[in-house]
Amino acid sequence: MSVIIPERAHDPRSVRPWRMIDRRKSRTIRVGKLEIGGDAPISVQTMTNTLTSDANATIGQIRRCEEAGVDIVRVSCPDEASTAALKTIVQASSVPLIADIHFHYKRGIEAARAGAACLRINPGNIGSMDRVRDVVQAARDHGCAIRIGVNAGSLEKHLLEKYGEPCPDAMVESALEHARILDDLDFHDYKISVKSSDTFMAVAAYQQLSEATDAPLHLGVTEAGGTRIGTVKSSIGIGSLLWAGIGDTIRVSLSAEPEEEVRVGFDILKSLGLRTRGVNIIACPSCARQGFDVIRTVETLEARLAHVSEPISLSIIGCVVNGPGEALMTDLGFTGGGAGRGKMYVSGKPDHNTSNEDMVEHIVDLVEARAELLRAEREAAEAAAQ
């Protein structure tokens, strides 16, 4: 009996229906140059941890996040010095900036005037309706979106009294109360988040909220922890929601540098086939069959190829048991063999041998050459479209 392997397509989901994710139908808003919601790509966000009043330090951190591929960056604006520096920061940033506003309505107005693409506020927390109206008018005047940000750790007193403790119902009720204020002011360019450090609570709240509104949703498991445990918690929470088609922007909240949040966010999206930025390395866990040091080789390649932004799949497999099969589905592959040599695969087919000693440099060269070709093709297509 012969096995027919379907021809690889640009989007592997097109020939593998079991990989399809049916995204929730949300309305589309704009955050600066980006479309959020609808069929737009899911955006990766992070947040600076420098003093926003120190424009140079904040711009430097945003630059590093841009190199990692970030789509949106949030900056804190707790005082007038921060919003004063924001205009300089906005001009230096190539990605849209969200101004984080908590209680003082004037900071929201100042941030909108300074060029923030979005304000992160809770309308019910910034004072009287006159003050809310002033902030919303500033957002409207300056083409600024709003994110309603509900956090289980800072729910309103009346909701805690009603429900007894933070819970999904309380979080969703809080979000909808804030959204109603904006709707009543005929302002609909907003997205919503309902974050919790409890993965179960966050997922349940987002599931419930996704059925109660068509607003775009910003996903996150807040205060997830350090790099390892935070990555695990975020992958479970954010990943399960994305798999169910819920979510339009994401932030992986780690006790780590912002650019690490960006890398993990893209890894989550790549794992689900929702974004394809950078090199996706498929590697075996290594065993006694390995023909080279898989663990150290993959660590080295991850570091050496971190700068590549074009979508390329690479398989690194220690032996011939699984190597050819994995290489069949990747752009480039290396399978360990004997006598210090292994087989290179190109576009799923065996191509040539190379030594274990030279393979890292050889693989880096092949990946960079392929990335350059893809970049040229993309730029040519963009030029033709214009």
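Being three residues apart in helix 9, K270 and D267 are separated by about one helical turn; helices here (H or I, at least four residues) and strands (E, at least two) are DSSP runs, numbered from the N terminus. The two side chains meet in a salt bridge, 3.7 Å from N to O, a term for a side-chain nitrogen of Lys or Arg within 4 Å of a carboxyl oxygen of Asp or Glu. K270 is buried, at a relative accessible area of 14%, whereas D267 is partly exposed at 42%. Buried means under 20% relative accessible area, exposed over 50%, and partly exposed in between (1.4 Å probe, protein chains only).

The model is predicted, so to speak of local features requires pLDDT of at least 70, side-chain atom pairs count only at pLDDT 80 or more, and totals for chains, interfaces and linings use all residues. Residues are numbered from 1 along each chain as its sequence is written, and side-chain values use heavy atoms, with hydrogens and water left out.

Other salt bridges reach across the sequence. In one of them, D71 pairs with R275, with the closest N and O atoms 3.1 Å apart. D71 lies in the loop between helix 1 (55-68) and strand 4 (72-76), and R275 in the loop between helix 9 (258-271) and strand 11 (279-283), so the pair ties together parts that are 204 residues apart in sequence. Both D71 and R275 are buried.

R23 likewise forms a salt bridge with D248, at 3.0 Å between the closest N and O atoms. This pair links distant parts of the chain, 225 residues apart: R23 sits in the segment before strand 1 (29-31), and D248 in the loop between helix 8 (227-243) and strand 10 (249-251). D248 is buried, with a relative accessible area of 2%. In total, the structure holds 22 salt bridges.
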